[in-house]
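Trainee: Before we discuss any labels, could you show me the structure, so that I can ask what lies behind each term?

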Amino acid sequence: MRLSMDLELQDVPGQLIMALQPLKDNKANIISVVHNRDRKTPTGMIPVRVVVEMDGSKIEIVKIQLKETGVSVVRAGEDRLIEKVPVVLVGHILHSDLGDTIDRIDSTGFAEVVDLDLIMPGIEEPSTAYLKIRATGKDEIQKALAVLRAVGAEKKLLVIEPIEAEVA
Amino acid sequence: MKEIKASLVGFGVVGHGILEVIKRKQPILRDLDLDLKVVSISDHTGSIMNEAGVDADCVLKDKTLEKVATSSMKGQEAIKAVDSDLVIEVTPTNVVHGQPGLGHMEAALSSGKNLVTSNKGPLVLAFSRLRKLADDNHCQFKYEATVGGTMPLMSLIERTLVGNTIYSIEGIFNGTCNYILTRMAQENISYSHALSEAQDLGYAESDPTYDVEGIDTAGKVVILANAIFGMDAKYSDVKVTGITQVTPEALAMAKKRGYVIKLIGEVPSLTVKPMLVPIESPINVDSTLNSAAIVTDLSGTITVTGLGAGSIETASAILSDIISIYR
């Protein structure tokens with residue numbers, strides 16, 4: 001099972017190795033470690049996202065061991081929606097049923113809208129929305145974009161996708 | 001010294017730029033052992049011909065040839081009548097019927113003359129026919145200036161990247177759209193405001209449809225598809241969305257997340273649409289600049305950028321094509 005964990009480490013040497021040790025001990029295969037040194041939390045901690053392949057039943061043990069070593073576990077769980085893509089929509093987004101637009105993505109079963117930001121400058125003016133879509137894989141991201149393109153064409157919305165290299 | 005007798009067909013802004021550049025670059029041409037003479041210039045008012053070379057200073061003073069024409073011959077008739085090796089075709093482009101450029105190009109190639117052009121319309125409509133005509137008549141046919149202005153796209157792919165498989169090309173191919181989107185993002189102004197500014201500065205036509213609706217970019221996508229990917233694409237094969245619907249709010253939202261919005265043409269997917277481009281991407285260029293990312297098997301992704309329009313800039317691409325034929 002693929003799992004991801006958001007951890008917070010103290011800004012002192014050796015913290016990252018200490019945080020990875022319980023994962024090693026529980027035979028987790030580390031897929032990626034993103035160490036955001038330049039994005040400290042308000043309390044001065046360093047956020048780290050770890051993605052692993054491991055036996056899901058061992059996650060609670062890992063969390064306990066991490067806490068014992070002083071590492072704060074902000075979130076840990078199955079990382080089902082592993083790919084993401086940002087999209088900007090322009091048009092009469094609310095009047096063309098924004099809920100339905102989102103449902104069309106969510107109802108695929110492989111993709112979800114996980115972030116939404118909407119600006120409505122005036123009643124007669126087109127609205128603009130930012131959506132972040134997460135999906136279970138790269139192919140599913142492309143399928144979700146195809147769904148959104150079809151919805152955009154039907155509802156006369158401009159769908160602004162990232163250039164291909166940026167779907168990550 | 002290799003003598004090249006050139007016929008310049010089309011004497012608008014680009015034609016003037018070419019004549020100016022050929023005059024200015026004579027020392028370099030001589031160093032390359034090339035004696036390039038413009039022996040005839042034609043526009044819609046007539047032609048001026050001189051076997052020893054037309055006096056550039058004399059004709060550059062006026063917008064048309066009306067006052068200096070030595071013959072009433074125009075277009076195809078002049079191309080066939082003049083003893084020249086090379087035709088430089090720079091008449092205004094038309095992507096619906098391709099004329100008058102298409103007729104000029106067919107006349108040049110069927111007369112066995114090499115052809116260099118910046119005119120997109122005929123290539124969008126009849127690239128394969130023109131290519132075959134050039135091959136059948138053992139002529140060189142060069143069109144670097146049709147895509148991306150000074151950006152060395154065709155020559156880079158055909159010469160420097162030869163041996164690579166080109167997987168895709170995506171980029172910004174219209175300086176007018178890029179200027180408008182850049183200004184909207186920088187100043188948080190509306191599309192119509194940025195368009196008016198572009199028109200005041202001469203970056204956009206009074207009827208901007210051709211640029212802002214993505215038609216110009218789509219034409220370039222068709223040329224790249226046919227010339228680089230060997231496709232037999234037509235304008236109608238391209239899925240085109242212009243920039244008129246893009247709002248300042250969309251640009252602001254994109255910027256907040258580390259993106260800009262640019263009108264992107266993609267080959268071989270044959271699409272033209274506004275897209276999110278990461279701010280740090282090498283194809284993110286501002287103002288009237290063009291850029292292109294060429295994805296290859298051996299060299300990875302190569303990015304080029306350059307001025308997409310302007311008379312002297314277009315003339316630079318034309319001169320480069322001429323030199324590549326005769327050097």
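**Labels and their cut-offs**

Mentor: The side chains of B:Asn119 and B:Thr91 are joined by a polar contact of 3.2 Å. This is a predicted model, in which local features need pLDDT of at least 70 and side-chain atom pairs count only at pLDDT 80 or more, while totals for chains, interfaces and linings use all residues. Residues are numbered from 1 along each chain as its sequence is written, chains are lettered from A and ligands numbered from 1 in the order in which they are written, and side-chain values use heavy atoms, with hydrogens and water left out.

Trainee: What makes the pair B:Asn119 and B:Thr91 a polar contact?

Mentor: The term asks for a pair of N or O atoms within 3.5 Å, where, within protein, one must be able to donate a hydrogen and the other to accept it, and residues adjacent in sequence count only if both atoms are side-chain atoms. The 3.2 Å between these side chains is within 3.5 Å, so the term applies.

Trainee: Why is B:Asn119 called buried?

Mentor: Its relative accessible area is 1%, and buried means under 20%, exposed over 50% and partly exposed in between (1.4 Å probe, protein chains only), so B:Asn119 is buried.

Trainee: What makes B:Arg257 lie over the face of A:Tyr130?

Mentor: A charge sits over a ring if NZ of Lys or CZ of Arg is within 6 Å of the ring centre and within 35 degrees of the ring normal. B:Arg257 is at 3.7 Å from the ring centre of A:Tyr130, and A:Lys143 lies over the face of A:Phe110 at 5.8 Å.

Trainee: How confident is the prediction for chain A?

Mentor: On pLDDT, the predictor's confidence in each residue from 0 to 100, chain A has a mean of 89, and 97% of its residues reach 70 or more.
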